[in-house]
Amino acid sequence: MKITAIPQLYRNIQRWREILRVLQRYGLADWLSRFDSFPFRDLFKDRGGIPLAQYSREQRVRMALTELGPTFIKVGQVLAARPDLVGPKLSEELKRLRSNVQADPIEVVHQTLRRELGSRYDSELASVESVPLAAASIGQVHRAVLRDGRRVVLKVQRAEIEQTMMQDIDVLSGLADLAERVDAFAAWGPREMVRQLSPMLQRELDFDRERQNLDHFRLLLAGREHEVVIPTPVESLCTRRVLVMDEILGRPLADVIADEREAQHEAVLEEAVSSPENSLEGVPPERGANIGSPQTSVAVDPEQSAGVSSEHVTQLIPSERERLAKTIASVYLGMLFDEGLFHADPHPGNLVLMNDGRLGILDFGMVGRIDETLRETIEEMLMAVASGDQNRLTRLIRRTGDAPATLDESGLSIDVADFVATYGRQRLGTFDLTGALNALSDVLHRHAIKLPSQSALLLKMLISLEGTLKELGARFDSLDVVKSFVRRSMARRLSPQRRLRQARRIYLEAENFLEAVPDELIGLMRTARRGEMSVNLEHRRIGPTVNRLVLGVMASAVFLGSSLMLAFKVPPVLFTEPARLGIERISLLGLMGLLGSVAIMLRLMLAISSSGHLTKGNDD
């Protein structure tokens, strides 16, 4: 450990203890779960008294993150969008993470508002409802009324959450340094993972970024006010810890879907009860499948419910479903393919069915951006899947992702060929986009290919988008819309205007290159002429080899010295009188040195045998 890390460790020592205690508890439970007949297998239990060993490993990871608090919950939610890193099974389990936290008292909320708004708190706010609409790990949401009668929604950051999360980020950095020393964890690149996660967590704490995103997306969708509504922030009352926006009158789409499922469920039960001649066996499978099953509750985070008023109940008819599905798909895919910008979580809880039938979109805290090169690569990937070109898809995956040096290229080609054979020939009406993206993530995880963070966020968005469209139950094919956007993007790529811009950019880059190269060459020649040129060689993974070499030389020297001490009978000596086999006057120091050097040599031989024989793998 570095000396500079000691103050950080001391500052967070209490938090370190809490984290290590939780990790030790769940880690030991995970180890005990491997032994079915072990007497202490059920030693560790959850709050309900159920042994932790009875849960799956993925469930134990989720439970540990939940127990560790808001920062680790956020980390888990971010990792849920990275199936290429953690695998599809763990990614799916981490999507269930929810921050079941108790809301701050209304007095604490008022203190935060006074501190952030200053004099504007009394001059512009008329009232704030004491009961929050929702509460999560970072913020909570309250309805409010302005002095001019305008109904708004406040998103207020929780007290001391920033200090807690910054402390946890420090601890995460320390854990990443420790994990880099363990081969099983080092393959995940924990330092790089924390380096990417830290700014994402810090952005979550800055509500001003969400306000900027609201303004940006409202401008992008300015021509579609008759279809889509983005909440308008109250600029004068928005700060880094407070976000104030207009209240949207409607219901979250998740609530509408849940109510309709419950209504259908009750209708099936009533039909079964009112028709004695029709038993449950007579109910069609698609209608009777859920009879007797528990209803699924929809959890809504404050980020998902901010700005929503649920005073009216809205039902969906089939034509409304199709219209709403087309609107959702066209808005999200249009943002992606036309602007290279997308709302990262089109979950039904973030979509509002307004009382006038329009679509409201909430929670702009997490927004993805992709550059033109990545956007074109995604388009080429879709075309490669549609045309069944597995070789091109393999090259595109390697170009986009960060492949390890030990990549099994033949294995990757086989997996990609199987992927294309499964999903490349599906018809538009039956194409499983979620299954295809999960299968692709599984291939990437299997071969340790890491995607750029924005690419992983894009995969999460597409999976969530199709899940929302499926929950709507509309007869609508999102893949057909994707292909239409791809065709439009391809036409835009081949347009004369784009070619002219590309030629101009290439000309400017070539001009800069030709201007810079002569000066660089002249400087290099002058450095060589003065004899100041040096070459730096970096040897990787040579440390263990050097250590073995040094230890072997030292053992040989000790062996030789000990042999001389035995030959000259250097005191103190053993067996001053002749013993069995003629043993007499054995040097004690020489004997100890001889035995020690032999033990070291045997240890070196075992180490070499376990890692590879001297003559094995020398050609690598």
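Predicted model: local features only at pLDDT ≥ 70, side-chain atom pairs only at ≥ 80, totals over all residues.
Me: Why are helices α4 and α9 called roughly perpendicular to each other?
Reply: Helix α4 (residues 70–79) and helix α9 (residues 161–179) pack at an angle of about 65°, with their axes 8 Å apart. Angles of 65 to 115 degrees count as roughly perpendicular, and the pair is therefore described in that way.

Me: What makes up the contact of α4 with α9, by class?
Reply: P70, T71, F72, K74 and V75 in α4 meet I161, T164, M165, D168 and L172 in α9. By class, this contact has 6 nonpolar, 2 polar and 2 charged residues.

Me: How do you know whether T394 is buried or exposed?
Reply: T394, found in helix α18, has a relative accessible area of 10%. Buried means under 20%, so T394 is buried. Beyond its neighbours within four places in sequence, T394 is in contact with L412, S413 and V416.

Me: What makes the pairing of E210 and K155 a salt bridge?
Reply: Their side chains meet at 2.8 Å, N to O, and the cut-off for a salt bridge is within 4 Å. E210 lies in helix α12 and K155 in strand β4, so the pair ties together parts that are 55 residues apart in sequence.

Methods:
Residues numbered from 1 in each chain as written. Heavy atoms only, no water. Axes fitted to C-alpha atoms, helices over the stretch in contact; angles between N-to-C directions. Helix = DSSP H or I, 4+ residues; strand = E, 2+ residues; numbered from the N terminus. Parallel < 35°, antiparallel > 145°, perpendicular 65-115°, else oblique. Contact = heavy atoms within 4.5 Å. Nonpolar A, V, L, I, M, F, W, Y, C, P; charged D, E, K, R; others polar. Buried < 20%, exposed > 50% of the residue type's maximum accessible area, 1.4 Å probe, protein only.
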